[in-house]
Amino acid sequence: MNCQHANLESARFCGACGERLVQVQPVGERKVVTVMFADIVGSTELIGDNDPELALDRLPPALARMGNAVQQFHGTIMRSMGDGLMVIFGIPHAQEDHALRACQAALTMMQSSRDNDIVLRVGIHSGEIVAGVPDKFTKEQSVYGAAVHLASRLEHMAQPGDICITESTFKLVQSFCDAHALGHQDVKGFPRPIGIYRLVGMTPARAPFRDAVVGSYRGRDAELAILQQAFAGAEQGAGKVIGISAPPGIGKSRLCFEFARSARERLVPVQEASASPYDHSGPLQPLLEFFRNFFRIASSDDAEAARTKIAERIASSVPHLMDDVALLADFLGIRDPQSPAPAMEPKTRHTRLVNLVVSLVRDGTRTPSVIIIEDIHWLDEASIEFVSALVNVAHVSRALIILTYRPSYHAPWQEGPEFKEIRLVELHDEDISALIEDVIGDHPSTGAISGSIVERSGGNPFFAEELIRSLIDGGDLTGRPGYYETSGQVSPETLPATVQTVIGARIDRLAPMDKEVLQIGATIGREFPLSVLAEVTRTTYTDLVGILSRLSQLELIQAGASETEQVRFAFRHPLIQEVAYAMQLRTRRVELHAAVARALERFHHNQLSEYADPIAHHFEAAKDYAPAAAYTARAAAWIGTTNSRLAMKSWLKVRRLLQSLPYSSETNQLRMRASLQIVALGWRDGMTVDEAAPFFKEALDIARDLKDSVSEVLILAAFGRISTCTGSADEYAKQVLQAIDLSDSTDLSVQAILLVFLCQAYGHAGKLREALAAGDTALRQIDNIRRSHEAVIGFNVKRWAESLRTRILARMGSFDIARNCIAQLISSEQEHPDAAIQSIPHHAGAELAWLMHDRELAGFHSQRIDEIAATSSIPYLAVYANAFRGLALSLSGDHVGAIQKIESAIHLAREVFAGLEYESDMLAFLAEIHLRNDSPAAAFRAAENAIAVAAERRSRLAECRATLVLAQVVSAGSVQHPGYRLSDLLARARDLIEETGARPFESLFPLAQSSAGSCGQEA
């Protein structure tokens, strides 16, 4: 309306200017209610064949008495059927005790009917319905749902004079009502038997209620003192981590708020972040939030301004981190095209970012500060490492770190010496009473209400606050804060019994447009930007500001606290959002999610990759699967730069979303891309050949259909890489050779990448000469590799090729050359921080040390592999770390410890399906160490196992070494072995040495040389 005149909600035209008013059309809502059908038994006999007017003397009075009972307990009569009523408790406004009201009304009408010689039968059921939808013909509001039909069926099943209730109703009223179980019975139209009870009467018992209030702050002086003391320590350079554990509503967030407010009053910097399951914000949001707050980056800042803020802050406080500016800018989506971040493996990139946070907290703050991260039990797995790193560095910083979580959350760092936990419990009755008095006041008329709230709140401050506000919103309390009075007789039993229904009742009291805005906000998420909300709602911007002001005054929402972001609002509590969202019909949600998705696209147009995950969520909820799949793919590509596991989950989701879409050129491209990425990432997570095969086949078929030769050859190579982990190395080489044959010989980028794959494949197969040739050729062409092709691989291909070549040289016996190559690679290790590639030269060094019996060299390389594995958390690196630590221990004379380490490595590889390409080698090492430990029987068993696995994987080097162990055991005659002949074993070992080119194996066991000499053959 233009004149701003206040009109009644039902008015169609303005009472002042006469303009037609915008009407909020009813769209229906989902509500949990109790449905009652009551029928007069024998109504036909009462009327008989008499004149119809005589029915007016008998039925209307009976129906009037029934209606009076309904009105007494505030039910809504939906339909009068001449001899019965259909009643709903819980509409048009939510009632927390809808089931109890229905039972009380039924008992009352049953008694009044008996007093007038009328017999009734009643059926009652509690469940979800759709309410508020206009009837097509009558235009009246109707209700729909199985709950209505079940209550009707139950009324017909009831015996005359009985009230039958379902089990769902009984569970809600069992503390108040007496009922007899009638067992589970079949009900027509319902697939499963329904539990039925006969309602007998009321009982004096009352159910305990655990919920509470937060007005002024009460009852947490001891907890605030702990936080203040911990911050005093941080001021002296002894940082601390405080965990606040409590169930929902007890006051974790309020305690943090009060402490943060006091800190800000002292001009102490406070950094805040939080996790939530409701806003679908995507992974790593707490980490992003931390960086933006720390560097004071506003959404209005362009990329150059944001980079300048980062560079200036780092230069002034932690200048040694200037090299990470490009990495941080890239992560925040403000990369500098002239100075891009170096390519690195996703896990390494994530680790660098986490270490950057650690350095900023430890070294980047000159004054004591407070870091608050709320609800870490909802953190995504990519952000957990961020929190753990903060905990580990807190004691050497000047920061107090506060973490909140629910009691079910557990983490290893909770046992650390620098960690202290505050377990919040319910407030004492006297604290709740004082809190209520602060909000309501001490007027004599409020005494009964205050006592009821204390009892029902159970010490939960949030719930108590909601109970009070419900009474204020409902008009039962009038006045102003601290000076309320009751407006009339208020029964304590009418107070809401659950927070969900309290919130629902409050929402139902809103004006239609206010309610609609709240529900749209709930659809957007836990937080919602004003500009997005304005685009989705039907109101003008001016009206929307007024609505949000009213909703804020009612404390359903609150304005966002960040000064660096555009205006945004957040729900005061996740339950408010959840209830507001759940009230809407699914069809309405679908419409809103579609509108929200488009609005978010425009709002985050400069950060689409970062916010692709929430945009994808809304498109999926809108059942618009094409853009949902596209944005999920975008999110997967973004998170894949730091967390391959989350990227894998997202790519799998892309394929699931695409199953709902028809085949087309566009969807096929995305199917191929998703399946290719799943195969390319699979080896990191231990994907087996059988698991990868469907993705491989889909990607390969689509690539061939699209005549995309580049994708085709990369798919073949990626699948071969998986096959070598749990399958045949020869099959891996075959796949790569096939890819080379299919590739364009003029595409030197693809040719170079495939040659490195071939070098690795031949190396796993033990064909060392062929591996060396492929690697040398690849390195001559390495500068031709395009970045787009290297991105599919996920790390620096040149470094990978150089590392593979070094390991091959060591295995072929070129010890001096290998030693020099290892030294060169290690000297430039920090320039190429990819953990997977960084470790390969040390693998070569450890194997070289084993072949040369160099204890010190083995110790150096195994220790470095341990360090790399510990910082990367990549499972297959942990496998290699245990294996090479075992070799170092054996060379030091600790064969028992070595055996334990290698057995641990084998077990881990089998458990996580990672590093299995090295399983036969580890078994061969195990056999050799058992032999050194003078355990021939154990050596014999390990060697046999090694040969079996090596034959399956086509791992010739492991088979050769294990065969030599068998030969030594057979020659010594210490184990019965009728199935083996020494000459056959030596001949097989000699053939394998010749085939592989592994000349160091000729001198690995003196037995092999002497036996070979006795046979008259050259070694």
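## Helix α35

Which residues on the other side of α35 are exposed? They are E856 and A870, where exposed means over 50% relative accessible area, buried under 20%, and partly exposed in between (1.4 Å probe, protein chains only). This is a predicted model, so to speak of local features takes pLDDT of at least 70 and side-chain atom pairs need pLDDT 80 or more, while totals for chains, interfaces and linings use all residues. Residues are numbered from 1 along each chain as its sequence is written, and side-chain values use heavy atoms, with hydrogens and water left out.

α35 covers residues 855–872, 18 residues in total. From first C-alpha to last it reaches 26 Å, close to the 26 Å expected at 1.5 Å a residue (1.5 Å times one less than the number of residues). Helices here are DSSP runs of H or I with at least four residues, strands are E runs of at least two, and both are numbered from the N terminus.

## The buried side

L857, A858, H861, S862, R864, I865, I868, A869 and S872 of α35 are buried. They cover an arc of only 160° around the axis, so they sit on the same side of α35; the arc is taken from the directions from the helix axis to the C-beta atoms. Among what covers them are α11 (346–363), α33 (815–827), α34 (835–852) and α36 (875–891), with contact meaning heavy atoms within 4.5 Å.

## Strand β8

β8 (residues 194–202) runs antiparallel to β6 (residues 163–166), joined by three bridges; pairing takes at least two DSSP bridges. β7 (residues 177–185) also pairs with β8 in the antiparallel sense, over seven bridges.

R198 in β8 is the bridge partner of C164, and H180 stands opposite R198 too.
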